[in-house]
Amino acid sequence: MLILLDENLLSKKLKKPFLDVGYTVQNVEDMGWRGTKDRELLALANIFPFDVFITSDKNLPYQQNLQNLALRVVVSCSTFSLQ
């Protein structure tokens, strides 16, 4: 599974659990897409093709049309700390 982490989730500690179970994980910065607007970012992630886009932007589903995307969008609704 190929996962893309949003700009608001750049912590290397967040990538580690996904990598430990065998997923391939990139973040927006790794891809050179930092600062890209949400609509363009979702289009790029969909074309790449990533399987999953993870963000903590709770407004994303209300601001963007997610229905025509092949990738899944996961919005982290809880606050957590990786120590």
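Select Glu 7 to begin: at a relative accessible area of 30%, Glu 7 is partly exposed, a class lying between buried (under 20%) and exposed (over 50%), computed with a 1.4 Å probe and protein chains only. The model is predicted, so local features need pLDDT of at least 70 and side-chain atom pairs count only at pLDDT 80 or more, while totals for chains, interfaces and linings use all residues. Residues are numbered from 1 along each chain as its sequence is written, and side-chain values use heavy atoms, with hydrogens and water left out.

**Salt bridges**

Arg 34 and Glu 7 form a salt bridge whose closest N and O atoms are 3.8 Å apart; the term requires a side-chain nitrogen of Lys or Arg within 4 Å of a carboxyl oxygen of Asp or Glu. This pair links distant parts of the chain, 27 residues apart: Arg 34 belongs to the loop between E2 and H2, and Glu 7 to the loop between E1 and H1. Helices (H or I, at least four residues) and strands (E, at least two) are DSSP runs, numbered from the N terminus. Arg 34 is partly exposed, with a relative accessible area of 47%.

Next, select Glu 29, which forms a salt bridge with Arg 34, the closest N and O atoms lying 2.5 Å apart. Glu 29 is partly exposed at 44% relative accessibility. Shared partners join Glu 7, Glu 29 and Arg 34 into one salt-bridge network.

Turn to Lys 15 and Asp 30, whose side chains meet in a salt bridge of 2.7 Å, N to O. Lys 15 lies in helix H1 and Asp 30 in the loop between E2 and H2, so this pair ties together parts that are 15 residues apart in sequence. The whole structure holds 4 salt bridges.

**Aromatic rings**

Display the aromatic side chains: there are 3 aromatic pairs in the structure. Rings of Phe, Tyr and Trp (its six-membered ring) pair if their centres lie within 6.5 Å; planes under 30 degrees apart count as stacked, over 60 as edge-to-face and the rest as tilted. Trp 33 and Phe 50 are edge-to-face, at 6.2 Å centre to centre and 80° between the planes. The two residues are 17 apart in the chain, Trp 33 in the loop between strand E2 (24-27) and helix H2 (38-47), and Phe 50 in the loop between H2 and strand E3 (52-55). Both Trp 33 and Phe 50 are buried. Phe 48 and Phe 50 have ring centres 4.8 Å apart and planes at 20°, so this pair is stacked. Phe 48 is partly exposed at 42%, whereas Phe 50 has a relative accessible area of 3%. Ring pairs join Trp 33, Phe 48 and Phe 50 into a cluster.

**The sheet**

Switch to a cartoon view. An open sheet of 4 strands runs in the order E2-E1-E3-E4, with parallel pairing; two strands pair if DSSP finds at least two bridges between them. E2 and strand E4 (72-75) are the edge strands, each pairing on one side only. Select E3 and E4, which pair in the parallel sense over 4 bridges. Within this selection, Thr 55 has Val 75 in E4 as its bridge partner.

**Helix H1**

Finally, select Leu 14 in helix H1 (residues 12-20). Leu 14 is buried at 12% relative accessibility. Leu 14 and Ser 76 are 62 residues apart in sequence and 12 Å apart in space, C-alpha to C-alpha.
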